[in-house]
Amino acid sequence: MKEHVITICNGTACINKDVRGLQNILEEQLVKLDLQDKVKINVSGCLGMCDKGPVMIVYPGYTIYGGVTEKDITEILQEHIINKRPISRLAIQEDNLFNRFFRIFGDTKFFGRQMRIALRNCGIIDPENIDDYIALRGYEALAKILTDMTAQDVIDEVKKSGLRGRGGGGFPTGTKWQFTADQINDQKYVICNADEGDPGAFMDRSAIEGDPHTILEGMIIGGYAIGANKGIIYIRAEYPLAIKRLEKALADAEAHCLLGKNILGSNFDFDIEIRLGAGAFVCGEETALIRSIEGRRGMPKPRPPYPSVSGLFGFPTLINNVETWANVPVVILDGGSWFSTVGTEKSKGTKVFALAGMVNNTGLIEVPMGTTLREIIYDIGGGLPNGKQLKAIQTGGPSGGCLPAEYLDTPIDYESLAKAGSIMGSGGMIVMNEDVCMVDVARFFIEFTQSESCGKCTPCREGTKRMYEILTRIIEGKGMPGDIEKLERLGSMTQKASLCGLGQSAPNPVLSTIKNFREEYEEHINEKKCRAGVCKALLNYVITEKCIGCGACKRVCPVDAIDGNKKQMHHIDNDKCIRCGMCMNTCKFGAIIKS
Amino acid sequence: MQDTITITINGKEYKVKAGQTIMQAADSLGFHIPRLCYHPKLSIEGACRVCIVEVEGMKNFVASCAFPINNGIKIKTNTAQLRRARRDIVELILDNHPQDCHICERDGNCELQHLAYTMGIRKKHFEGQKKNYDLDLSSASVIRDPNKCILCGRCVRMCTEIQGVSAIDYANRGFDTVVMPAYNQPLGESVCSHCGQCINICPTAAFVEKNYTQELFEKLDDESIIKVVQVAPAVRAAIGEAFGLEPGRNMEHETAAALRKLGFNYVFDTQFSADLTIMEEASEFLERVQGKGKLPLITSCCPGWINCAEKFYPEMLENISTSKSPMSMMSPLLKTYFAQKQKIDPEKIFCVAVMPCTAKKCESERPEHTVNDMRATDLVITTRELAWMIKSAGIDFVNIAGEAYDKPCGMSSGAATIFGVTGGVMEAAVRTAYELYTGETMTEIELEDIRGLQGIKEGQLTLEGQEIRIAVAHGLGNAHKLLKIVKQEPDKYHFIEIMACPGGCIGGGGQPYPSENLIPLDQNLLNTRAKALYESDRKNTIRRSHENPEVQRLYREFLKRPLSDKSHELLHTHYKAKQPQGIVSHMLNNLQNGK
Amino acid sequence: MTTPLETLRKKRAESVNRILQKGYLANTRVYVGMATCEIAAGSKDVMEVFQNAISTGKVKDVYLSQKGCAGRCNLEPTVEVVEAGKNPIKYGKVTKERAWDIITKHIINGEVIEEWVIE
């Protein structure tokens, strides 16, 4: 273990100020001063202190040095590292809410590339102890708005931040708040959408389990801004721990006068209750979610009217997703202007992703908008295991698109992903290597969406089912010429004509794999071949000349598909073969291969 | 807000009233956008997606039934890509539909069939798995065929929003979505009131009445029995529509003639027993007004309402008149009074009723309606079934010469005729009650206050200084509203008429399907049917039930007087609270299984 | 009148106080990941080991707390050891046995077990 870590910010602003040149000098100096064994150098993503760059942080102690010059480097090494005397002249006091994460996590590659705003407290505080949250400036944003901000001030701050809905749609949050605030009605509602249904997604669960109070604080701020006194968290019943922590957080907040009547001695009242979802994927769609809270079958409803005008029980309703709410206290406390310095021109702030699939470091990450897929997969994710080649990246959950390796340098933001043919979605990201069959992938996702369709609108209910059937027959070797065109026709119709986001996005995996991997579909249909060797029906096992005729394969074959005399090369009858693969596993000589 | 705005449809500008949906505006300009799940009386679902249009600036198609117009909106209703999408959507519905049109009850009168034709579907591209469910034959009145259901949800909304019964709703997800009673219990054991409005509103044959036409043809061919039939008032006001005649043509005498041609030995008029109902019910009302029994008195002629009351209002059963419905008064009289008069063995009489109603089928099966251990009404057919039988028997209904009804049960007053329209029973009862109570003949007998299609109507009259407040509700949803008022203010009304179907019997669940350019429950259509009955009343020389000489004779010769012992034996009944067995047994099962 | 901000500052002072009273300034702080995913990977057992070590007096001057998920799915359960003046150490795939080793080797003897450290 090295004694010190120096984290160097590699955000765009710092790079423009030649932070890389400084890094070279630092490395030279380390050698010169013989400190290589004591100091580890780490590179991080943007640390959010762009106007003070170049920035580096020295651990332990979390001393931030800003505006570092070539000359300063020697001084830092000499004074801070060798003499253990941090240099106060160079140190900057930055208390942005998000950056405390790096005091603990800034020294590894996985975390260093990240920027944690929504998840700023996750993995740091005890989520069941409100003191931990308050000690880290929790509820200060709430106190601030109650002290000296009007409702419109709050909305303006959110607008200024450029924050957009993190549930997938990317609608500007401030605008949504404004719409709801503009409605004149004594009764309004604030809803937190925590009905996370994407298979393999756990962004919301982790956020709630790791830091429940930030969600509550965000919602109370939202209620103040739009003039609502009632909040509801709609969370799936399959998240018992998250629910338990939310309940604890609600009780604690109320005991501390942060929720309920006259919050913090002000004249603002706000209550929050929890409603449990029964596990329907479609209830993540806002109108279906609202219906579900009303006690009806969760089915989407045409918009307009939007919930901001006519939502829960017909009253104006502000509904945002967990991650959006978690960003709100930071927007208020660090200011909309600061928040808008993070990210790209149109997509501000950060996005949480559940990085999964064939990548070394799977996990939950939060990166600034504009980070490229390459940075996520290779820098944070540590690349693909076993030296496999990247084939595709699927973003956006079951209704996202599959992008091929050519898109690795696509920056993550709403527009770029849409342009590439995928979606931001709620933040699923699956890395696939060459062992994956893209037709099979498309079928996997459409199988999920078609079974989770609410069944209300025709394109989604019937269209996705037919797409699933066509994909199944292609996989089973019964694909016909014209099937690709049928998929495209059904897919684009379902996209354009479906009632809600579920149907409109359900064809994405199919259409994007056809667009980017059309030749694989053609091989399946025309040559009855699956290049990844995934589709069993298209697989043939062949015995090669390595066969010594031991007969082991013949004995294990459950359907007597293998024939051959002792000590002579055996053969597989592909009409009888059921592609179970037992022969190949049994052969000690590697004589049986898939073709 | 501006009153008139400019919109562009298919490249041409129009000035239209603001505040409409695209579909409404297009309709007013003569653009008929195809549609399926839309109905003006029901909430907007946007489910079928057939009515999609293009709106400039929108990425996807929008459902014109739901999307509001705004100034400057540019709409396209018939582009090639829209036509293809609509065609594909309708094909997707068809692909999962039995397609047995030539053996289907709604052949030639099916909205899906018509739509498929207008979409120009000549070839199918996406066929695959089809749904396969058992028919639900459990109800005495309504058959549920989920295979023919296209999930437009009109029945669900009808049953919930208009009728307030909620006997059916969507269940399951995606391709497996079905409309069913709670817990998939049989319809016959559900809260269903048998009103049959689901049949009226269904675009296909997913709901049809229990059809007895084949049995009836068999009976009509049986010379060993005496075939006797009665016809309800509302039948004559609507049956012409089934033969392409203009709505509102009164086919009273043509119906009698056709029934004789079909082979009935005697053709009677339910209006005769409607007069009798008034005699009994008005007398009962006067008794209650004088302190013998509960007020308000609620009418009992509607079997849909009675089913509803037994399931939803067990605590109000004593308020309901014990008088049987006209149908169930007629049949026992035919098997006693008429049989004695004609010296016929009552066992040989086969009593048929032609009703605008499906719930009458259920009423005829009630065990409490037997007479001398015989079933009173042996068979009930709807207006639709009779129309089909007339066609099937090759009777030229349009050009047939009218005939009179048979005696002694064929003569009726105008008061009996208006039984078929909402408010009519009340109006008829008031005409008679007034005279029975005061001894004076009522002169202003057309009670405009309780006429028309307003959901709940109120009126009042004075009986020797006592103010009598009356109320009328049609459609069970309105009945629920009215009874809620009664529960809050039990003394508010003295006498209440409830009809389960919108418009009363003229809008009954057994009436002819609307012709091509009309929609179910069309308000003008209902008004025209009502007009036919009111005109018939006006033309009648006898307009008060107690003036009907045949009724007077019946009392003189047989019943003695209203509410006599004989009357009680034959013309009165009792009610029993009924738990919807399906739900009860489901809950019991769950209890036993420890859930 | 006190403003909400002043009220909150007072609350914060109280919160910090309570945390300090719980022994936050101990020489060693140990955090065990206790989100659903971590618990599923076995972090409850790990937590128990540390709790026992503290309650039996095996280790002294240790502040133990749970924390949420830090996102290292493939390395859960995670345990973090923070010693005053040193870089925090995060261990991955901690089992009951590893937890015990962390106590005896790292917390008691100050030897970091490099093999299990998350880099």
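Two residues are in contact if their C-beta atoms, placed from the backbone, lie within 7 Å. The legends below refer to a predicted model.

**Figure 1. Contacts between the chains of the predicted model.** Two pairs of chains are in contact, and of these chains A and C share the most contacts. Chain B and chain C are joined by no contact. The closest C-alpha atoms of chain B and chain C lie 27 Å apart.

**Figure 2. The interface of chain A with chain C, seen from the chain A side.** Here 41 residues of chain A meet 34 residues of chain C. On the chain A side, two or more residues each come from helix 4 (101-105), helix 6 (130-135), helix 7 (140-148), helix 10 (203-210) and strand 10 (363-368). Helix 7 of chain A supplies the largest share, five residues. By class, the side of chain A that touches chain C comprises 21 nonpolar, 11 polar and nine charged residues.

**Figure 3. Overall fold of chain B, with its helices and strands.** Chain B holds 20 helices and 19 strands. Its C-alpha trace spans about 75 × 65 × 60 Å along the principal axes. The radius of gyration of chain B is 25 Å, which agrees with the value near 25 Å for a compact globule because that is what 595 residues would give. Of the 595 residues of chain B, 51% count as buried. Contacts between residues at least 6 apart in sequence were also examined in chain B, and 74% of them join residues at least 24 apart.

**Figure 4. Domains of chain B.** Chain B is divided into three parts: domain 1 covers 4-93, domain 2 covers 105-125 + 132-209, and domain 3 covers 213-571. Between domain 2 of chain B and domain 3 of chain B, the C-alpha centres are 28 Å apart.

**Figure 5. Close-up of the contact between domain 2 and domain 3 of chain B.** The contact draws 19 residues from domain 2 of chain B and 25 residues from domain 3 of chain B. On the domain 2 side, the elements giving two or more residues are helix 4 (154-162) and helix 5 (197-201) of chain B. Helix 5 of chain B gives the most to this side, with four residues. The residues of domain 2 of chain B that touch domain 3 of chain B are eight nonpolar, nine polar and two charged.

Technical notes
Residues are numbered from 1 along each chain as its sequence is written. Chains are lettered from A and ligands numbered from 1 in the order in which they are written. This is a predicted model: local features need pLDDT of at least 70, side-chain atom pairs count only at pLDDT 80 or more; totals for chains, interfaces and linings use all residues. Domain bounds come from an automatic or database domain assignment. Ala, Val, Leu, Ile, Met, Phe, Trp, Tyr, Cys and Pro count as nonpolar, Asp, Glu, Lys and Arg as charged, and the others, Gly among them, as polar. The radius of gyration is taken over C-alpha atoms; the globule rule is 2.2 Å times the number of residues to the power 0.38. A residue is buried if 20 or more other C-beta atoms lie within 10 Å of its own, exposed if 12 or fewer, and partly exposed in between; C-beta atoms are placed from the backbone.
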